[in-house]
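Open the model in your viewer and keep a selection panel at hand.

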Amino acid sequence: MPQLARRMSRAKPSVIMQVAEKAKRLKAEGRDIISFSIGVPNFLPGPHVYEAARQAVERDSGQYGSNRGPDALLDALLHHIEQIGLTGYTRTNCATGIGAKHVIYNLAEALLDEGDTIAFPAPYWTSYVDIAEIVNAKIQLLPCPASQNYKLTPQQLDEALASKPKVFLFNNPSNPTGMVYTKDEVIALADVLVKHPDTWIIADDIYNRMLFDGLEYYNFVLARPELRDRVIFLDSLSKTYGMPGWRLGFMVGPEVVAKALVTLNSNHITNVPEVVNAAGIAALTGPQDVPDQKRVEFQAKRDQVMDVMNAIPGLVCPRPQGAFYVFPDISCAFGKTHGPTGKKIENDVDFCDALLEAKGVACVPGSAFGEPRALRISYTCPTPQLAPGLARFQEFFAELS
């Protein structure tokens, strides 16, 4: 069996999907299940997106598309990033993919040779580890616990980059924590990055429009323009525009990197489907009322969730200011027993399993994200389900002894 096949045969199914499948099974059995598990925005794009897709189907030529992406889409992407201050890029700095996850995988193939090291903070998005393992890279984790608000410090970064990892992967706003680095924090990290010229920098910032409390997104290139030749910015339509199933992600960065991704595209996907490109252009250039409205709605939901987190004795939960996640440290529950069911809570998996069985609330164990003292709550469920789900969560804690 080839080496990759052997590695993948040993791989465990995604914890997130395991939780989702169990919740689905219990619901099929008639249980009242409220899911805080899957990280999807749970809203649909505006009608102009669907109209653009319909028109694309009607005028379909049946031909291959561009490996990089059509010019109209690339121009829309460039305009999109100019709104957050990333200027001076051209079409040759861009590449598209079947979602941001595909773009990250392509970047791993392009930048990492077998045995190279990729460094990233923990908690992390689960696919980072999987992708690194698939390309046989070494992983350097930079632990960022709740005690430091799940954020990387300049000292941590400086120490990590001293070993010259090939790639530093950074996620802001964060999935799973929802934490957002302030302008000053980004500048402090950028000052460190400038000192270590041997490392590529991937900024996985797909939640950059999903910011709360008046915060504005800031990027390493804005902080230190001399990093432009090493920073690769990622974005997608999935979270901002309610289009996770459409699968359109993109990168903007050094031309040599974009060219490598175009070559990879030409040899495995050829191109993003033209109907998806048309929908993407409409989303990026059309009315922004839907994402703007959802940002306001998610901020209100964040406040609702945090009110409950702050009311639970012993629970520690840094206040997120972006994305649509809350990541409480639940280690205060470890070693306790859930009275009504008699289940002992030894770790985050036990907690989430007992919570689902006892209260019908699905959350993802933090160990899926490299932080086994926590769990992730995704609060994009239908609004009428949020308060009951949070009440059940609070009741579960009250029943521990």
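Axes here are lines fitted to C-alpha atoms, for helices over the stretch in contact, with angles from 0 to 180 degrees between N-to-C directions. Helices are DSSP runs of H or I with at least four residues, numbered from the N terminus.

Now show side chains in contact (heavy atoms within 4.5 Å). Helix 12 contributes Glu 297, Lys 301, Gln 304, Val 305, Val 308, Met 309 and Ala 311, and helix 14 contributes Thr 383, Leu 386, Ala 387, Leu 390, Phe 393 and Gln 394. By class this contact has eight nonpolar, three polar and two charged residues (nonpolar: Ala, Val, Leu, Ile, Met, Phe, Trp, Tyr, Cys and Pro; charged: Asp, Glu, Lys and Arg; polar: the others, Gly among them).

The model is predicted, and local features need pLDDT of at least 70, side-chain atom pairs pLDDT 80 or more, while totals for chains, interfaces and linings use all residues. Residues are numbered from 1 along each chain as its sequence is written, and side-chain values use heavy atoms, leaving out hydrogens and water.

Next, select Ile 81, Leu 152, Leu 157, Phe 168, Leu 193 and Phe 220, which have the most contacts inside the largest nonpolar core, a set of 50 residues. Such a core joins buried Ala, Val, Leu, Ile, Met, Phe, Trp, Tyr and Cys residues through side-chain atoms within 4.5 Å; buried means under 20% relative accessible area with a 1.4 Å probe, protein chains only. Helix 4 (residues 71-82) supplies the largest share of this core, six residues. Centre on Leu 152: among its contacts are Pro 121, Phe 168 and Tyr 181.

Which helix crosses helix 4 at roughly 30°? Helix 11 (residues 274-285) does, with the axes coming within 9 Å. The two are therefore roughly parallel, and their crossing is left-handed.

Finish with helix 2 (residues 15-28) and helix 13 (residues 348-359), packed at about 15° with axes 11 Å apart. Lys 22, Ala 23 and Leu 26 meet Asp 353, Leu 356 and Glu 357 there.

Technical notes
Angles under 35 degrees count as roughly parallel, over 145 as roughly antiparallel, 65 to 115 as roughly perpendicular and the rest as oblique. A crossing is left-handed if the near helix is turned anticlockwise from the far one by less than a right angle, and right-handed if clockwise. Lists of a residue's contacts leave out its neighbours within four places in sequence.
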